[in-house]
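Student: I would like to go through this model and ask on what grounds each label is applied.

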Amino acid sequence: MSNDIRQDRISNLPDDLVRNIISRLSIREAVRTSLLSADWRLKWASIPHLVLADVSCPLSSIGREEEFAFGKFGSLLDYLVSVYPSIISIRKLSLDSSRIPLSFFSFQDLTDLELSRCSWRPPSTFGGFRHLNCLRLTRVEFDEDSYNILVSSCPKLVKLVLLEVDTYHLEINAPNLRSFEFYGNFATIRFENTSQLEAIDICLQQGMAVHPYGVSNLLHFFANLPRIERLTLNCEAVEYLALDILPNEPLEYTSIRHLSLEIRLDSLDSVSASVFLLRCAPFLQQLDVTFLKYYEGDDDLVLFEDAENAFSPFNEMRVLEVKGVAGYKADVDFIRSILSASPVLEEFIAGIENTNEDEQNKTITKLMEVRLASVGVRFTWIRTKTAKA
């Protein structure tokens, strides 16, 4: 047998490449590589990304003859930490289970963490994750105190994602946070110590929005967001901001560059809050608007009395995309108000929602007749599928 055949080529690969190979294995197979030889005994412990789930996988013990059966990842983590406390250095971790193992709270090297379908109940000694950059919680149950401790005790947190979360009062206290995404329910939200926050995406579900302050939620929402550049709000979130009396004058912030809104043209709160937000963002570069489905009726739709003078000029806006355009006076006037205030607009994209081709053509004709502030606009029409005759 030649030396080339006998040679262990994988073991001679660079350590970084070996770790990369092991990280692509399941946790069961990754740990089992420790049985290959003495040199491989601890290589699995240095992989940068560990993903565990509720699976049953019998694992041979490391360096022993007996066999351990780990039906839940919690038992596996507790075991690994107890046997190798000095070498377990996990930086990226995804946990999907109803139980968080106690050993989890000792992972102080974590930079990326995903928790799903569990209850957040940290021990009283838990002091946060000092290196955590990205935190994603999906269907996680928590009380306000434990959640606030978690976020505020992660000083390097840059990205926070909360999905399918229900809570009464939501407070965001993270001095280095740059991106925040939320899908679920809250009654109130307050940003504290968030001077670096640049992107917010809120999809609020129905049923919980209340206002406890006696003044517009807009004032409290933007009080600590001096650097916000990208804001995405669904219709319920827009209407949440409209609760109580809107301020008479625009807020003194001009940092928003990309604004995405859902608007109900049959809701005065929705239209009023959307118009107010637009008046507070004169330096927009891109605006995305989605008109939610409605039916024409002058008694219900919110109309602009003077659409072409509704806004001050958007002197930096290059792209306007509007979806759900039905061609009624309400949506055409809203679009007219934006186009007439956008002197440097380069592209206008419209999603036409009429059910047949003739009605779609009529809507396109109405939009083509709108007076433009910019002469170099490219038009793009996106038609829905027409109904079959």
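Student: Why is S267 called buried?
Tutor: The relative accessible area of S267 is 13%. Buried means under 20%, exposed over 50% and partly exposed in between, with a 1.4 Å probe and protein chains only. Since 13% falls under 20%, S267 counts as buried.

Student: What kind of model is this, and how are residues numbered?
Tutor: It is a predicted model, in which local features need pLDDT of at least 70, side-chain atom pairs count only at pLDDT 80 or more, and totals for chains, interfaces and linings use all residues. Residues are numbered from 1 along each chain as its sequence is written, and side-chain values use heavy atoms, with hydrogens and water left out.

Student: Where does S267 lie, and what makes its approach to E239 a polar contact?
Tutor: S267 is in the loop between strand 13 and helix 8; helices (H or I, at least four residues) and strands (E, at least two) are DSSP runs, numbered from the N terminus. The side chains of S267 and E239 meet at 3.0 Å. A polar contact is a pair of N or O atoms within 3.5 Å; within protein, one must be able to donate a hydrogen and the other to accept it, and residues adjacent in sequence count only if both atoms are side-chain atoms. The 3.0 Å pair is therefore inside the limit. A polar atom of the S267 side chain also lies 3.2 Å from the backbone nitrogen of S270.

Student: Which residues does S267 contact, leaving aside neighbours within four places in sequence?
Tutor: They are E239 and V302, where contact means heavy atoms within 4.5 Å.

Student: What makes helix 7 roughly perpendicular to helix 8?
Tutor: The axes of helix 7 (residues 235–242) and helix 8 (residues 268–279) come within 8 Å and cross at roughly 80 degrees. Axes are lines fitted to C-alpha atoms, for helices over the stretch in contact, and angles run from 0 to 180 degrees between N-to-C directions. Angles under 35 degrees count as roughly parallel, over 145 as roughly antiparallel, 65 to 115 as roughly perpendicular and the rest as oblique. The crossing therefore counts as roughly perpendicular. Helix 7 contributes C235, V238, E239, L241 and A242 to the contact, and helix 8 contributes D269, S270, A273, S274 and L277.

Student: How do you know that helix 7 is mostly covered?
Tutor: Of its 8 residues, 7 are buried: C235, E236, A237, V238, Y240, L241 and A242. These buried residues pack against several elements, including strand 10 (188–192), helix 6 (217–221) and helix 8. Just after helix 7, D244 has a positive phi of about 70 degrees.

Student: How many helices and strands does the chain have, and what share of its residues is buried?
Tutor: The chain has 10 helices and 17 strands, and 46% of its 389 residues are buried.
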